[in-house]
Amino acid sequence: MKKRIGLLLTLLAFLICGCDLKGSTSSGNISLENSNPTSQNESKFEWNTLYSSTSWDENVVDLIGVIAGDDYKELIPGIDAKRLDYYLTVDTSTISIAVINCYVNNLNTIVDDYEYALTICGFQLSYDSPYGWMEVSATEELVVQYSILEDLHGTSYFELIIYRVEMRMSDWPTDYIGLVTAEDIPVFDAKAYEASTDYNYAYQFYVLVCVYYPEITLEQYESKLISAGYTIGDSYYGSEAVSKLGTRINYYEDYDGSIILMISNDWPYLDIMAYLGMDLPRLDDDNAAMSYSYVRNGDYSNLAIYYDYVDSSALATYGHQLEEIGFVQDGNEYQNGGTYTITSRNYVMNDGQEDEHYLVLMYCLEMQMLAIVIYY
């Protein structure tokens with residue numbers, strides 16, 4: 001599963017008519033800056049210098065090699081053109097690119113013809129944007145972007161933009177995973193990863209991790225999960241591992257051999273972090289059932305976390321857990337009268353400071369429920 005995140009570059013108008021290029025009809029002998037070290041011909045070209053040719057010759061191929069690398073320069077399909085104008089530059093995202101403007105006779109068919117040539121040379125085509133791509137390493141791809149444009153004289157030409165881009169990361173995406181849980185997720189050993197965020201069918205936020213070129217099997221990963229305290233079961237998405245603190249990992253093998261991990265959390269970790277910038281402890285009671293909702297309070301909404309099927313000791317237990325992370329009780333414990341017997345405690349952290357946090361704990365005797373309300 002290719003989760004292709006933002007491949008198509010947003011380029012400046014690096015066209016012949018709009019770029020500050022120095023004209024040239026032959027290759028110079030100036031050391032190339034920002035060059036790809038895999039090319040043996042980098043000294044033949046100067047950045048932002050315009051070169052021209054009447055055929056797809058050795059100079060054109062060598063210029064492509066500066067960007068694509070000498071091992072891949074011959075894989076870019078050539079074009080039969082009346083004139084080829086080409087140069088090296090850097091786009092707005094600081095990616096080095098080769099631009100080749102082809103003045104061809106077959107403009108009506110050039111896009112279809114070139115897309116076919118790309119597939120013959122081993123490129124895959126984008127379904128919704130004009131580019132072809134191929135993997136050149138576990139994390140990097142070679143891209144050929146194409147379009148029909150007009151120069152200042154109103155003459156149409158076929159433009160190629162060639163670049164290499166890092167599409168995947170070589171390190172386990174710890175920062176992404178940290179958006180949904182503070183727990184350590186066992187690493188799925190692999191050569192490359194891709195991470196993104198989304199919402200599932202229940203509108204629950206999750207992190208999607210695509211694991212490319214896995215170095216262990218799913219069975220071996222399950223063993224790592226079990227050793228880390230996860231319970232393995234089945235779910236809507238396939239196999240599922242659940243930690244004692246509510247982190248969920250749904251996983252399956254995709255058709256291309258990559259592994260898909262969907263990481264979410266039953267605990268409202270993202271919401272708590274938004275309120276406090278820190279996580280809260282879970283109630284130390286294995287028999288409690290946790291849920292949460294937002295409670296309207298005037299113009300504001302407060303996050304409320306509920307624990308059902310707990311006895312009255314839950315109030316003191318959770319209060320002690322808060323004190324262990326720096327909260328202190330604000331005032332005395334008090335009890336409200338009425339239909340329900342509700343005992344409350346207020347807790348504050350950084351009292352009177354800019355980063356003050358305020359929580360209210362309420363225990364309802366009749367409902368056997370502890371509520372934790374986050375005010376700020």
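## The largest pocket

Let's start with the lining of the largest pocket: by class, nine of its residues are nonpolar, one is polar and seven are charged. (Ala, Val, Leu, Ile, Met, Phe, Trp, Tyr, Cys and Pro count as nonpolar, Asp, Glu, Lys and Arg as charged, and the others, Gly among them, as polar.) The lining has 17 residues, and Lys244, Leu245, Arg282, Leu283 and Asp285 lie nearest the centre of the pocket. The space inside comes to about 460 Å³.

A pocket here is an open set of points on a 1 Å grid over the protein atoms alone, where a 1.4 Å probe fits, with protein on both sides within 12 Å along at least five of seven lines; lining residues have an atom within 4 Å of a point. Points are joined across faces, edges and corners, and the volume is the space filled by probe spheres set on them.

## What you're looking at

This is a predicted model, where local features need pLDDT of at least 70 and side-chain atom pairs count only at pLDDT 80 or more, while totals for chains, interfaces and linings use all residues. Residues are numbered from 1 along each chain as its sequence is written, and side-chain values use heavy atoms, with hydrogens and water left out.

The protein chain has six helices and 21 strands (DSSP runs numbered from the N terminus: H or I of at least four residues for helices, E of at least two for strands). Of its 376 residues, 46% count as buried, meaning under 20% relative accessible area with a 1.4 Å probe, protein chains only. Among contacts (heavy atoms within 4.5 Å) with a separation of 6 or more, 54% join residues 24 or more positions apart.

The largest nonpolar core has 45 residues, and Trp56, Ile76, Ile79, Ile100, Cys102 and Leu160 have the most contacts inside it. Such a core is a set of buried Ala, Val, Leu, Ile, Met, Phe, Trp, Tyr and Cys residues joined through side-chain atoms within 4.5 Å. Elements that each supply at least two residues of this core include H1, strand S4 (96-103) and helix H2 (110-120). H1 gives the most, with seven residues.

There's also a second, separate core of 24 residues, which includes Leu280, Val310, Tyr318 and Ile374. Back in the largest core, Ile76 is one of the residues with the most contacts; beyond its sequence neighbours up to four places away, Ile76 touches Trp56, Ile64, Tyr114, Phe123, Leu142, Val144 and Ile162.

## A closer look at H1

H1 is mostly covered, with nine of its 11 residues buried. What covers those buried residues includes S2, S3, S4, S7 and S8. At the start of H1, a side-chain oxygen of Asp57 reaches to within 3.1 Å of the backbone nitrogen of Asn59. Just after the helix, Gly69 takes a positive phi of about 95°.

Asp62 sits in H1, which spans residues 58-68, and is buried, with a relative accessible area of 4%. The Asp62 side chain makes a polar contact with the side chain of Lys73 at 3.0 Å. (That's a pair of N or O atoms within 3.5 Å; within protein, one must be able to donate a hydrogen and the other to accept it, and residues adjacent in sequence count only if both atoms are side-chain atoms.)

## Leu361 in strand S20

Leu361 belongs to strand S20, residues 357-364, and is buried, with a relative accessible area of 0%. Leaving out residues up to four places away in sequence, the residues that Leu361 touches include Leu315, Tyr318, Thr343 and Ile372.

Methods
Buried means under 20% relative accessible area, exposed over 50%, partly exposed in between (1.4 Å probe, protein chains only).
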